[in-house]
Amino acid sequence: TATTATTATTATTGTDDLTYSLPLRPTSIHHSQCKKHNSDPEACLSQGADVTTCAHDIVQTLSSPPMADAYMAYQKCISGNHGELYKCNKLKEALLALKN
């Protein structure tokens, strides 16, 4: 859902070392540069679709075993602490440990 994607993006880009967002960064930058240099909204549709696909792939990875439980706990912590990520460091470390 859009809410899950937004939360996932927040969770993945909220800290420097939560590297799930790294594939999204160049895709997002390319889209932003396209929009900056084109006044026609349709000129950047394919780059926007690439951003959406990349974000979806990140959410799918985080929402699938073995990461799903750790990701949901981290997501709930972020929401419950009004986005104050430092309060969720232990959960973030548990999620990172699953990545390796």
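Buried here means under 20% relative accessible area. The model behind these views is predicted.

Figure 1. The secondary structure comes to 5 helices and 0 strands. Along the sequence the pattern reads α-α-α-α-α. Of the 100 residues in the chain, 33% are buried. The chain exposes about 6,400 Å², with carbon and sulfur atoms supplying 55% of that area. Among contacts between residues at least 6 apart in sequence, 57% join residues at least 24 apart.

Figure 2. The mean pLDDT is 82, and 77% of the residues reach 70 or more. Helix α1 (residues 2–13) has the lowest confidence, at a mean of 41, whereas α4 has the highest, at 95. Over residues 1–18, pLDDT stays under 50. For that stretch the model has 28 contacts beyond four places in sequence.

**Figure 3. C34 and C44 form a disulfide.** The two sulfur atoms are 2.0 Å apart. C34 lies in helix α2 (residues 24–37) and C44 in the loop between α2 and α3 (45–63), so the bond ties together parts that are 10 residues apart in sequence. The torsion about the S-S bond is about -90°, so this disulfide is left-handed. C34 has 11% relative accessibility and therefore counts as buried. C44, at 4%, counts as buried too.

**Figure 4. A disulfide joins C77 to C88.** The S to S distance is 2.1 Å. C77 sits in helix α4 and C88 in the loop between α4 and α5 (89–99), so this pair ties together parts that are 11 residues apart in sequence. With -95° about the S-S bond, the link is left-handed. C77 is buried, with a relative accessible area of 13%. C88 is buried as well, with a relative accessible area of 1%. The count for the model is 2 disulfides. Counting bonded cysteines along the chain, the pattern is 1-2, 3-4.

Figure 5. The buried residues of α4 are A68, A70, Y71, Y74, Q75, C77 and I78. An α-helix has 3.6 residues a turn, so residues three or four places apart point the same way. Just after α4, H82 takes a positive phi of about 55°.

**Figure 6. C54 is a buried cysteine.** The relative accessible area of C54 is 12%, which means that this residue falls under the 20% cut-off.

Conventions: Residues numbered from 1 in each chain as written. Predicted model: local features only at pLDDT ≥ 70, side-chain atom pairs only at ≥ 80, totals over all residues. Heavy atoms only, no water. Buried < 20%, exposed > 50% of the residue type's maximum accessible area, 1.4 Å probe, protein only. Helix = DSSP H or I, 4+ residues; strand = E, 2+ residues; numbered from the N terminus. pLDDT = per-residue confidence, 0-100. Contact = heavy atoms within 4.5 Å. Areas by Shrake-Rupley, 256 points an atom, 1.4 Å probe, with all protein chains shown as cover. Disulfide = S-S within 2.5 Å.
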